[in-house]
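Opened a new notebook page today. I wanted to look up the ligand site and then the aromatic pairs.

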Amino acid sequence: MRNKVTIVGSGNVGATTAHWIAASGLADIVLVDVIDGVPQGKGLDLLEAMPIARKDVIIQGTQDYADTADSDVVVITAGVARKPGMSRDDLLNTNLKIMRDVVGEVVRHSPMSILVIVSNPLDAMAYAAYKLSGFPRERVIGMAGVLDSARFRAFIAQELKVSVADVTAFVLGGHGDSMVPLPRYSSAGGIPITELLDSETIERLVQRTRSGGAEIVKYLKTGSAFYAPGAAIAEMVEAILQSRNRILPCAALLQGEYGIRGLFMGVPCKLSSNGIEQVLEIKLTEQERAAFQNSANAVKSLADVVDESLSHAPVGSAS
Ligand SMILES: NC(=O)c1ccc[n+]([C@@H]2O[C@H](COP(=O)([O-])OP(=O)(O)OC[C@H]3O[C@@H](n4cnc5c(N)ncnc54)[C@H](O)[C@@H]3O)[C@@H](O)[C@H]2O)c1
């Protein structure tokens, strides 16, 4: 049986994710969007590229969730993206309504799927999807850390003039201005960057990583990043479908890890065909712990808005 991945939201991130997944031949893909014709057109265009890519991937675009039935993984990118001057948090109310519609349909048609949440504000949307789906925490995963750490890796590699293949990086915490890049756990060829770069340079790269999304929004003016986000999602989907036990930074529901309970935060996770196989806890310095807690406070304030909103319209009412 070939794996099946549904991508809800066929805009920039959704379509680019489909492209990365199709190009690697990982799974058959169903693209969904509310705009009639968009998933069909993009899906057909991508299907017609498969003879060149030499991949026997089936790609379908649809408005009908019946076509998504029994997906192994459902990636949710539906929603609005930010424009210059907006923070990710400004998207909360609009995207929460969309999440409510989408998650109900997804759960009904793919009750055993693993959800990869992408819509922003990421940690709050993952939390909403967790509440709306009733899925265990293993099967609701937010994408942010793979992207944020890829940005950090790209900047480190550029600075050191080394191959990106030799650079690893870790970014923890929420997917917002309070994210916590960890230089101590970032390395080139296994050597911690703290031994290769001075602290001022590291701080500059950390700040650029923190505002990496905004830097692209500023250039694009009409939307936000999608190539690197799509690649990050595809990496997570591959880790899940091929049960690779990859350790990747994901937004996961914390149940006491890092001293936090009931919030989605970016932490290192082992990903397998079960979804989140394990949340790994690493020792943080006092300063890092304070930064993580600060990030948790920012995430909590949005989770409270989600709770408040869901309390007005019970979870079971998602349609
Ligand atoms: N987590 C991350 O790291 C990350 C990275 C990039 C973008 N994002 C977020 O991903 C989301 C999508 O970004 P984008 O650039 O693709 O935006 P986009 O506007 O290009 O695409 C969003 C698509 O969602 C569709 N949509 C809206 N409501 C829907 C519904 N109810 N059902 C199905 N589809 C629906 C829209 O029609 C549109 O085609 C945004 O919220 C953005 O902020 C997150």
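**Ligand site**

I started with the shell: 26 residues surround the ligand, and the closest are Asn12, Val13, Asp33, Val80 and Met143. A residue is near a molecule if one of its heavy atoms lies within 4 Å of it.

Ground rules, for the record. This is a predicted model, where local features need pLDDT of at least 70 and side-chain atom pairs count only at pLDDT 80 or more, while totals for chains, interfaces and linings use all residues. Numbering runs from 1 along each chain as its sequence is written, and side-chain values use heavy atoms, with hydrogens and water left out.

By class I get 16 nonpolar, nine polar and one charged residues in the shell; Ala, Val, Leu, Ile, Met, Phe, Trp, Tyr, Cys and Pro count as nonpolar, Asp, Glu, Lys and Arg as charged, and the others, Gly among them, as polar.

Helix H1 (12–23) and helix H4 (92–109) each supply at least two shell residues, and H4 gives the most, with three. Helices here are DSSP runs (H or I, at least four residues), numbered from the N terminus.

Next I looked up polar contacts (pairs of N or O atoms within 3.5 Å). A backbone N or O atom of Val80 lies 2.7 Å from a ligand oxygen, and one of Gly79 lies 3.3 Å from a ligand oxygen. From His175, a polar side-chain atom lies 3.1 Å from an oxygen of the ligand.

**Aromatic pairs**

I searched the whole structure and found three aromatic pairs (ring centres within 6.5 Å; planes under 30 degrees apart are stacked, over 60 edge-to-face, the rest tilted). Tyr258 and Phe292 have ring centres 5.1 Å apart and planes at 35°, so I logged the pair as tilted.

Note on methods. A polar contact is a pair of N or O atoms within 3.5 Å; within protein, one must be able to donate a hydrogen and the other to accept it, and residues adjacent in sequence count only if both atoms are side-chain atoms. Rings of Phe, Tyr and Trp (its six-membered ring) pair if their centres lie within 6.5 Å; planes under 30 degrees apart count as stacked, over 60 as edge-to-face and the rest as tilted.
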